[in-house]
Amino acid sequence: MRIFSGIQPTGRKHLGNYIGAIRGYVEGQERGEGIYCIVDLHALTAGPQPDELRRSVYDTAAILMAAGLDPDRCILFRQSDVREHTELCWLLCTVTSLGELYRMTPFKQKSAQHRRFVSSGLFFYPVLQAADILAYQTDEVPVGEDQKQHIELSREIAQRFNSRFGETFVVPVHRIPPVGARVMDLQDPKIRMSTTASTEQGAVYILDDPATIRKKFKSAVTDSGKEIQRRADKPGISNLIDILAAARGVPPEAIEKEFADAPGYGSFKEAVGEGVVELLRPVRERYEGIRPDERAVEEILARGAGRARGIASKTVAAARERIGVGPGPSR
């Protein structure tokens, strides 16, 4: 079982990133060969300043290791250090239709937000993501619910390439956490928690201190009534139930049962805040010990890139041969 996922280094990592993706990375170390990539090339579509991007790569690497990724048990690397990603992206562009890319929800949303200048990188983002995944003959991709469409496109691209040129790529499947796949904004529970779309009070960040986390949950938007139940007409409470269930590692039904007789929402929101404080406490504490040593972080990323290149180069060589790029196998 080979498991691959990538994470953007831009923006502060929030609770949704942790529950929806990062915990899945750590769990993947127990089930197979984990390959995890900090996708700085994807991050260029957001237009970060060069120094900011480099700092963010180290921030993200430190968070991943603080969350439990062990560089001796998985491959952790920076995307731009493995050039096979960009070469494979171009090969895959030739078997990807314009219609497929125009239908991608993230492109439609972001291009609507940035009408004055829409980077072509946003358009080709899903193809580079497919190259990231397919370069490692990936069996499984742990992602949040919002990435499901991108994984489906990666599967379609792999199948089309295989059909035209012969079996080259493993067709991956996605793995979405059963609880917490979509952590919603605390101030507007109808939208997903996000670094860009959420307000400061609407998002809980992995590195927030305990007092800040408690305050954010105390002011979280709830719904009419006092029932602590997951229902379509109670998006605020439903979100908090899912968050506490994910933090404790229990089914949402167990949370509903525990708070069935609660007199109101106040004590429940306090419990959710405490659950998240305890969930994130060890990550924040370990991060403080890892992040200052940038040289050590860089060495880990460079070592991971070497291991990643050893896998990706074989895949890209096979793809080049089958698509007809370069000399044939007998030359």
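Author: A cavity is a set of grid points where a 1.4 Å probe fits but cannot get out, and its lining residues have an atom within 4 Å of a point. With that in hand, let's look at this predicted model.

Reader: Glad to start there! Which residues line the largest cavity?

Author: The search of the whole structure finds 1 cavity of 30 Å³ or more. The volume of the largest cavity is about 40 Å³. Its lining is made up of Pro71, Cys74, Leu76, Ile300, Arg303, Gly304 and Arg307.

Reader: And which element gives the most to that lining?

Author: Two elements give two or more residues each to the lining of the largest cavity, namely β3 and α13 (294-323). The one that gives the most, with 4 residues, is α13.

Reader: Is Leu69 buried or exposed?

Author: Leu69 sits in the loop between α3 (50-67) and β3 (74-78). Leaving aside neighbours within four places in sequence, Leu69 is in contact with Tyr25, Val26, Gln29, Tyr36, Leu64, Cys74 and Leu76. Its relative accessibility is 4%, and the cut-off is under 20%, so Leu69 counts as buried.

Reader: Nice. Which residues does His42 touch, beyond those up to four places away in sequence?

Author: His42 has its place in helix α2 (residues 40-43). With a relative accessible area of 2%, His42 is buried. Beyond residues up to four places away in sequence, His42 touches Gln8, Gln79, Tyr125, Leu128, Gln129 and Asp132.

Reader: Gln8 turns up there. How far apart in space are Leu69 and Gln8, C-alpha to C-alpha?

Author: Along the sequence, Leu69 and Gln8 are 61 residues apart. In space, their C-alpha to C-alpha distance is 16 Å.

Reader: One last thing: where does the kink in α12 lie?

Author: Helix α12 (residues 266-290) has 25 residues and reaches 36 Å from its first C-alpha to its last, close to the 36 Å expected. Within α12 there is a kink of about 35 degrees. The kink comes shortly before the proline Pro282, at Leu280.

How values were computed:
Residues numbered from 1 in each chain as written. Predicted model: local features only at pLDDT ≥ 70, side-chain atom pairs only at ≥ 80, totals over all residues. Heavy atoms only, no water. Expected span 1.5 Å × (residues − 1). Bend = angle between axes of the 7 residues up to and from the residue. Buried < 20%, exposed > 50% of the residue type's maximum accessible area, 1.4 Å probe, protein only. Contact = heavy atoms within 4.5 Å. 1 Å grid on protein atoms, 1.4 Å probe; cavity = no way out; pocket = protein on both sides within 12 Å on 5 of 7 lines; lining within 4 Å. Points joined across faces, edges and corners; volume = space filled by probe spheres on them.
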